[in-house]
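The sequence and structure are shown first.

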Amino acid sequence: MEMVNVNATWEMPRRGAVKIKVHGFFSEIQLANGNRLGVVVRNSRGTILRMLSGSLGINERGNNELYAYLEGLKRAYAEEYPAVILEMDHVQSYWEWKNSTIEGGIPEHAYVLEQLNTRRRDKNFALDVRLTDPEDNELAAYLAEYGASRWNQMVVIKRSFGRVYELWSKDMGLGPVGPQFRAVNEEEMAVEVMEDGVINPPANMFVMVEQNDEEFMQNENAAFGDGFMVQIQED
């Protein structure tokens, strides 16, 4: 029998720190509104604190990745997180940043590298930069791809939804999230009625309906499930 790896790969940050995973989505076919980024901020319990999804309007792969890192750090600075683990999955841009203080970088990347290194030199900001496997970065990658087809600017997302919730649950070792795994309160249930051998739910029975991402995002200020909201980032 073939064996598969069943070890959880997402690791919690230490207490008091947050982990920010970033991914820059790049398409060889230039998109009309530029390429995209996905950023996920989570605390030491794995709880999602903030997400970013959307466009930077940048169409060069290395720059797109580096600016994704910067946006993750900008979010950490704005929220006053004192200790940050920043993880990314793009090998070339990771090493370009890591070696930039010694070897320099690509001239077109000079500005963003200088900004990243300024954050790194901040003695009041504990920063641990790491390279991660793409398989461990699915949530940030999904947010980047999600924004690629929807928005012309960055969007702050405060609550999980749909595929985001599914990937988060997988990371946390909480199992599947399909309708059959969702419990309802007892008072929401009622005795089923059988007619002609067919079981029919009563008229007042609670029915769970799912809204797909496309329908949901048609209204950027809609509420979804546990209060998911999006807001356009103005800065």
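Arginine 50 is partly exposed, with a relative accessible area of 23%; here buried means under 20% relative accessible area, exposed over 50%, and partly exposed in between (1.4 Å probe, protein chains only). The model is predicted, so local features need pLDDT of at least 70 and side-chain atom pairs count only at pLDDT 80 or more, whereas totals for chains, interfaces and linings use all residues. Residues are numbered from 1 along each chain as its sequence is written, and side-chain values use heavy atoms, with hydrogens and water left out.

**Salt bridges**

The structure holds 11 salt bridges, a salt bridge being a side-chain nitrogen of Lys or Arg within 4 Å of a carboxyl oxygen of Asp or Glu. Three of them are listed below.

| Pair | N to O distance |
|---|---|
| Arginine 50 and glutamate 79 | 3.8 Å |
| Aspartate 122 and arginine 119 | 3.2 Å |
| Lysine 170 and glutamate 138 | 2.8 Å |

Within the pair of arginine 50 and glutamate 79, arginine 50 belongs to strand E3 (residues 48-55) and glutamate 79 to the loop between H1 and E4, so the bridge ties together parts 29 residues apart in sequence. Helices (H or I, at least four residues) and strands (E, at least two) are DSSP runs numbered from the N terminus. Glutamate 79 is partly exposed, at 29%. A further set, Lys19, Lys21, Glu87, Asp128 and Arg130, is linked in a network of salt bridges.

Aspartate 122 lies in the loop between helix H3 (110-121) and strand E5 (126-131). Both aspartate 122 and arginine 119 are buried. A side-chain polar atom of aspartate 122 also lies 2.9 Å from the backbone nitrogen of asparagine 124.

**Packing of H4 and H5**

Helix H4 (residues 138-148) packs against helix H5 (residues 162-172) at an angle of about 170 degrees, with the axes 9 Å apart. The two helices are therefore roughly antiparallel, a term for angles over 145 degrees. The contact (heavy atoms within 4.5 Å) involves Glu138, Leu139, Tyr142 and Leu143 of H4 and Arg163, Val164, Leu167 and Lys170 of H5. Lysine 170 and glutamate 138 also form a salt bridge. Lysine 170 is exposed, at 52% relative accessible area, while glutamate 138 is partly exposed, at 29%.

**Loop residues**

Glutamate 80, in the loop between helix H1 (61-78) and strand E4 (83-88), has a positive phi of about 60 degrees although it is not a glycine. Its relative accessibility of 69% makes glutamate 80 exposed.

How values were computed. Axes are lines fitted to C-alpha atoms, for helices over the stretch in contact, and angles run from 0 to 180 degrees between N-to-C directions. Angles under 35 degrees count as roughly parallel, over 145 as roughly antiparallel, 65 to 115 as roughly perpendicular and the rest as oblique. A polar contact is a pair of N or O atoms within 3.5 Å; within protein, one must be able to donate a hydrogen and the other to accept it, and residues adjacent in sequence count only if both atoms are side-chain atoms.
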